[in-house]
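Reader: Please walk me through this structure. I would like to know what stands behind each term.

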Amino acid sequence: MDYQISLRAGTLHINTRREELPMETLVDFASRHNPKRGFLFVSKVLGKHIPCRPSRMRQVYDRLAETLGKLPKPVVVIGMAETATGLGAGVAHSLARGTAGDDVFYLHTTRHHLDIPVLIRFDENHSHAPDYILYSPQEKRESLFRQARSLVLVDDEISTGRTLQLLAQGVASQMPQLTQLRWVSIINWLSEYRQHDLVQEFAPSLQFINLLEGEFVFEANPAFQPGSPPGLEACQPSHHARADTGRTGLLMPDDAVSLPINEIPAGPLVVVGTGEFTFAPFLTAENLEQRGHDVLFQSTTRSPILEGEAIRKKLVFNDEHDEGIVNYIYNLPRDRQVIVAYEHPAMAANHRFPELVNAHIWALKQGD
């Protein structure tokens, strides 16, 4: 199907080859505050820039995991920071609970600097914040990582494939037993020619798993000159970024923990994850929904997007890691009690966001 999407930044011309779910149920569109790339695909099912029911997010995780089917074990799943840290964990979790059983190991790339060995570094050339780090799995998990026979790379959408290509090149060289490679996304914008070239590079083991496939052309508006937003580079390292939330790996499903649920506010709720810390808060929101609460989930982000189009409103504040990075939350509901989730209790003291929305604060304690 053909679509034409008019934005402040220009016009997106989209042709979809396959829609397992209708495009309008999966994605909306917005203009970036970014001179490198003026448009943004805004997922409706990711729980990032648009609030989403946890049950709807789980349906996406389950559907992608079911399409992966049975893979040779051990299986390593890697999610891309920051947008797909929760999506990657969700796919790994659903895979472990479904066909794969144990031996599903999940980790995600990160923007944060930790005092542990780095496996690889690489970049995303259209991003406002280009540097990615993948840390080495620690202790006994490292041998499981090295013995992997299946590698699953997860991002919310794939446009050029360059970032996952760099990641696959770096990681696959560390896995001598690897036989299967999967690239998983909600939307895949790679042309059939580009997919063919990637399959040739990585051998026939590479397959693409997604809910929508197509191609787009962006016609830029020459009058759109957004400039660069402030606060893109960290002025100091994080003091509280945790390795045990996925940066060095989680064995699914056992290592996936939800937040300790404190006193639950009355009425409709929205649980807000912070930055890369999204899966434990998602599990908490899912738990609340299963217990009968009216709950939505979303998370803060460092991605600068302009108001208008899919972005009805935004709040701006510094990051919870006290790195000096400007963060945002988009489309936060006004009619719900807000619960903000942190990977370390001390982060709330660094963060102006809870006081902006009179939020309740829940956090993982050290050792959880």
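Predicted model: local features only at pLDDT ≥ 70, side-chain atom pairs only at ≥ 80, totals over all residues.

Reader: Why is helix 5 called roughly parallel to helix 6?
Author: The axes of helix 5 (residues 162-172) and helix 6 (residues 192-202) cross at roughly 5 degrees and come within 12 Å. Angles under 35 degrees count as roughly parallel, over 145 as roughly antiparallel, 65 to 115 as roughly perpendicular and the rest as oblique. Therefore helix 5 is roughly parallel to helix 6.

Reader: Which residues make the contact of these helices?
Author: Arg-162, Gln-165, Ala-168 and Gln-169 of helix 5 meet Arg-194, Leu-198, Glu-201 and Phe-202 of helix 6. Contact means heavy atoms within 4.5 Å. The residues of this contact divide into three nonpolar, two polar and three charged.

Reader: What makes strand 17 mostly covered?
Author: Five of the five residues of strand 17 (residues 326-330) are buried. Buried means under 20% relative accessible area, exposed over 50%, partly exposed in between (1.4 Å probe, protein chains only). Val-326, Tyr-328 and Tyr-330 point one way, Asn-327 and Ile-329 the other way.

Reader: How do you know that strand 16 and strand 17 pair?
Author: Two strands pair if DSSP finds at least two bridges between them. Strand 16 (residues 314-318) and strand 17 have five bridges, in the antiparallel sense. Leu-315, for one, has Ile-329 as bridge partner.

Reader: Which strands form the open sheet with parallel pairing?
Author: The sheet has four strands in the order 15-14-18-19. Strand 14 (residues 269-273) and strand 18 share four bridges. Four bridges also join strand 18 to strand 19 (residues 360-363).

Reader: What makes strand 15 and strand 19 edge strands?
Author: Each pairs on one side only. From one strand to the next, the twist averages 25 degrees.

Reader: Which residues touch the most other members of the largest nonpolar core?
Author: They are Leu-87, Leu-167, Trp-183 and Met-252, in a core of 90 residues. A second, separate core of 14 residues includes Val-270, Val-338, Val-340 and Ala-348. A nonpolar core is a set of buried Ala, Val, Leu, Ile, Met, Phe, Trp, Tyr and Cys residues joined through side-chain atoms within 4.5 Å.

Conventions. Residues numbered from 1 in each chain as written. Heavy atoms only, no water. Axes fitted to C-alpha atoms, helices over the stretch in contact; angles between N-to-C directions. Helix = DSSP H or I, 4+ residues; strand = E, 2+ residues; numbered from the N terminus. Nonpolar A, V, L, I, M, F, W, Y, C, P; charged D, E, K, R; others polar.
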